[in-house]
Amino acid sequence: MDVVTSNSMTQTPTAPLVQRPNVVAVGTIVWLGSEVMFFAGLFAIYFTLRSTSPELWSTETGHLNVPFATVNTLILVSSSFTCQFGVFAAERLQARATGWKPTQWGMVEWFFLTYVLGALFVSGQVWEYSNLVQDGITLSSSAYGSAFYLTTGFHALHVTAGLFTFLLMIGRAFGVKNFGHREATSAIVVSYYWHFVDVVWIGLFLVIYVLK
Amino acid sequence: MRANINVFWILAGFFILADAVYVFWSLVSYGKVEWVGTLGIALGAILGAFLAFYLGRVHGAQGGELPEDMTDSNIDDGDPEMGFYSPWSWWPIVLGGSLAIFFAGLAVGTWICFIGVSLILIAIIGWTYEYYRGFFAR
């Protein structure tokens, strides 16, 4: 048989040996991309109202407690770092601490710390809201109130949802027999979300408290 | 995936260019920066750059091309383990139904929202822990 004209098997010369991307991680990033545009809509509301009633902005922004908001921002930013340390622990597949030192902490301890910092941030916002309501700025008081509470409120809802997912992740770490890659993937995508919410807050802080 | 990455970088570049034109045009026409569109278009650029950057990182980490990105691969080359998908889970439809109740509450009467929120919490917890308890616990 000199010439073979057909072959029942087509062989690839080089079998592709590639690491398939993690669909959960890529899907989360695409969803966060859509969240970027959701907050773009909120920023558009804010700037539209700001351009139509600039006199409101010149009076109402005086009620903002900028030093307090700065401290609150620092708390949220630091929670991003503790969250990332939790992810490093999850990538080591280490759910629980092996010692009292932070270098020996597992994902659970770091995520608890992140939860506390995030909860402090939301509590700080509640306190700030109550002060603003005492000053007469409510959701329906003026265009400024609407813009302020819509933007920061939707962000606070995101932070609250993030806190809830941290609890779910901690519960999983306690519930699972062997902390594996599935749990680590969940921890990583929760951290993506948390970093995203953090960056959005930095944008909101710059627009609402610095730029006014 | 190379094509996807390039498309998103091109989109990001286009939005940056469009944003520059927008700022210039509003400065010429009105003498001030119009923030709504400027920020909106800029966030469009961020959307493109964000996805392009992340897909680039993923593409770099996978160490080669996927079969679906190669012109000379066969269908069965791209038959890997895609991930874990529950074949019989009822939780997604529970979550969908609870969200429907929640949004119906927004339209009809706020008191329904409270029922919706509690059902949403039950659905999310049930879905998250579906494979962490009972017969199929990990």
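## The interface between the chains

In this predicted model, chain B and chain A bury about 3,200 Å² between them, and 70% of that area is on carbon and sulfur atoms. The size of an interface is often given as the accessible area lost when the parts come together. Counted by residues, the interface brings 39 residues of chain B into contact with 35 residues of chain A.

Across the interface of chain B and chain A, the rule finds zero salt bridges, while it finds six residue pairs in polar contact, with both residues at pLDDT 80 or more. On the side of chain B that touches chain A, the elements that give two or more residues are α2 and α4 (110-128) of chain B, and the largest share, 13 residues, comes from α2(B).

## The domains of chain B

Chain B is divided into domain 1, which covers residues 2-65, and domain 2, which covers residues 91-128. The C-alpha centres of these two domains of chain B lie 36 Å apart.

## The nonpolar cores

The largest nonpolar core has 58 residues, and of these A:Met107, A:Phe148 and A:Ile208 touch the most other members. At least two residues of this core are supplied by each of α1 (23-52), α2 (54-60), α3 (66-91), α4 (107-134), α5 (143-175) and α6 (181-211) of chain A, and also by α2 (35-61) of chain B. The largest share of the core, 14 residues, comes from α6(A).

Leaving aside neighbours within four places in sequence, A:Ile208 is in contact with A:Tyr46, A:Leu64, A:Tyr144, A:Phe148, A:Thr151 and A:Thr152.

## A closer look at A:Thr151

One of the contacts of A:Ile208 is A:Thr151, a residue that lies in helix α5 of chain A. A:Thr151 counts as buried because its relative accessibility is 1%, and the cut-off for buried is under 20%. Not counting residues up to four places away in sequence, A:Thr151 touches A:Leu42, A:Tyr46, A:Leu204 and A:Ile208. The C-alpha atoms of A:Thr151 and A:Gly41 are separated by 9.5 Å, although these two residues are 110 residues apart along the chain.

Technical notes: Residues are numbered from 1 along each chain as its sequence is written. Chains are lettered from A and ligands numbered from 1 in the order in which they are written. This is a predicted model: local features need pLDDT of at least 70, side-chain atom pairs count only at pLDDT 80 or more; totals for chains, interfaces and linings use all residues. Side-chain values use heavy atoms; hydrogens and water are left out. A nonpolar core is a set of buried Ala, Val, Leu, Ile, Met, Phe, Trp, Tyr and Cys residues joined through side-chain atoms within 4.5 Å. Buried means under 20% relative accessible area, exposed over 50%, partly exposed in between (1.4 Å probe, protein chains only). Helices (H or I, at least four residues) and strands (E, at least two) are DSSP runs, numbered from the N terminus. Contact means heavy atoms within 4.5 Å. Domain bounds come from an automatic or database domain assignment. Buried area is the accessible area (1.4 Å probe) that two parts lose on being put together, summed over both. A salt bridge is a side-chain nitrogen of Lys or Arg within 4 Å of a carboxyl oxygen of Asp or Glu. A polar contact is a pair of N or O atoms within 3.5 Å; within protein, one must be able to donate a hydrogen and the other to accept it, and residues adjacent in sequence count only if both atoms are side-chain atoms.
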